Amino acid sequence: MTSEKQTHFGFRTVAEDDKAGMVHGVFSRVASRYDVMNDLMSVGIHRIWKNAMMDWLAPRDGQELLDVAGGTGDIAFRFLDRAPAARVTVCDMTESMLVEGRKRAEAGPLAGRLSWVTGDAMRLPFADNSFDRYTISFGIRNVTRIPDALDEAYRVLRPGGRLMVLEFSQLPVPAMQWAYDRYSFNVIPAMGKLVAKDRDSYQYLVESIRRFPDQESFAQMIRDAGFERVQYRNLSMGIAALHSGWKL
C-alpha cells in the first residue's frame, strides 16, 4: 500500500514510498556513464571538490570509514590513498553503481581494504558505534527523508566520530544563481541525452540540486540530528558545499 506522505522527486511531488525506487532507477540507468558525466558536467571540478573534502577530513591509518551513496568508489579510493592502513565500507542502494566501483577497485591494489554493501541510507545495515568517519558525496539530496539519514549517520558513528557531507548547494549572489540555473537546466539534461542516452535522469538531477536546502538550513539539520561543532565551507562560491559535524 502506498503511503499518503509525500515528498519531492526533482520538481514533481510523489509518494514517499515511491521515491527510493525512482532514485534507484535513475542511478541504475546512469551507472556505466556516471563518472564520465561528472567530469563533463563539472568540467572536472568535482575532483577538486572531493580532494578538498579529503583535506578537511584528514584520513588517518587505522580509521574505519563508511562512505554512503559511494557507488563508484571516488571517495573511498581517495581516503585509502591518504591512509593506506585504513578500511572503508562503501554502502549504496544501487547494485549497478557498486558493480562499477568493484571493477575499479579490482583493477588496482585497494580491493582488500574495501567492502561493498547494498543498503539504504535511512536504514543502514550496521551496528551502533561501528565507524570513525561517515561520508556522503552528492548523495544526500536523493534520500527520501534526509533527517532519517542524518540520524542513522549519528547512530553508526563511534563517540568522537565525524560526519562529512559534500553536496551541491546555493550560490549567495542571486545573479550568479540565476546564471548557474540557466546552465544546469539547459545544458546538463542535453548533455545527459547525448552522452548517457538519458535526458530524464539528468533533468531529475538538476531539479534535485535546486530543491536541496541552503547551507545554513542544512547545517541546522545536522545539529538537529545531534552533531556538534557543525561547520560548512563553500566550494566554487557555493555551487557545492562541505558540511562537517562531530559525534561528541
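**Ala-52 and its contacts.** I started with Ala-52: leaving aside neighbours within four places in sequence, it is in contact (heavy atoms within 4.5 Å) with Leu-235 and Leu-242. This is a predicted model, where local features need pLDDT of at least 70, side-chain atom pairs count only at pLDDT 80 or more, and totals for chains, interfaces and linings use all residues. Residues are numbered from 1 along each chain as its sequence is written, and side-chain values use heavy atoms, with hydrogens and water left out.

I placed Ala-52 in helix α3, residues 45-57. Helices (H or I, at least four residues) and strands (E, at least two) are DSSP runs, numbered from the N terminus.

**Helix α6.** Next I listed the buried residues of α6 (146-156): Ile-146, Ala-149, Leu-150, Glu-152, Ala-153 and Val-156. They fall within an arc of 160° seen down the axis, so they line one face of the helix; the arc is that of the directions from the helix axis to the C-beta atoms. Their cover includes β3 (64-68), β6 (131-137), β7 (157-168) and α9 (215-224).

**Whole protein.** I noted nine helices and nine strands, and 54% of the 248 residues count as buried. Among contacts with a separation of 6 or more, 69% join residues 24 or more positions apart.

Methods:
Buried means under 20% relative accessible area, exposed over 50%, partly exposed in between (1.4 Å probe, protein chains only).
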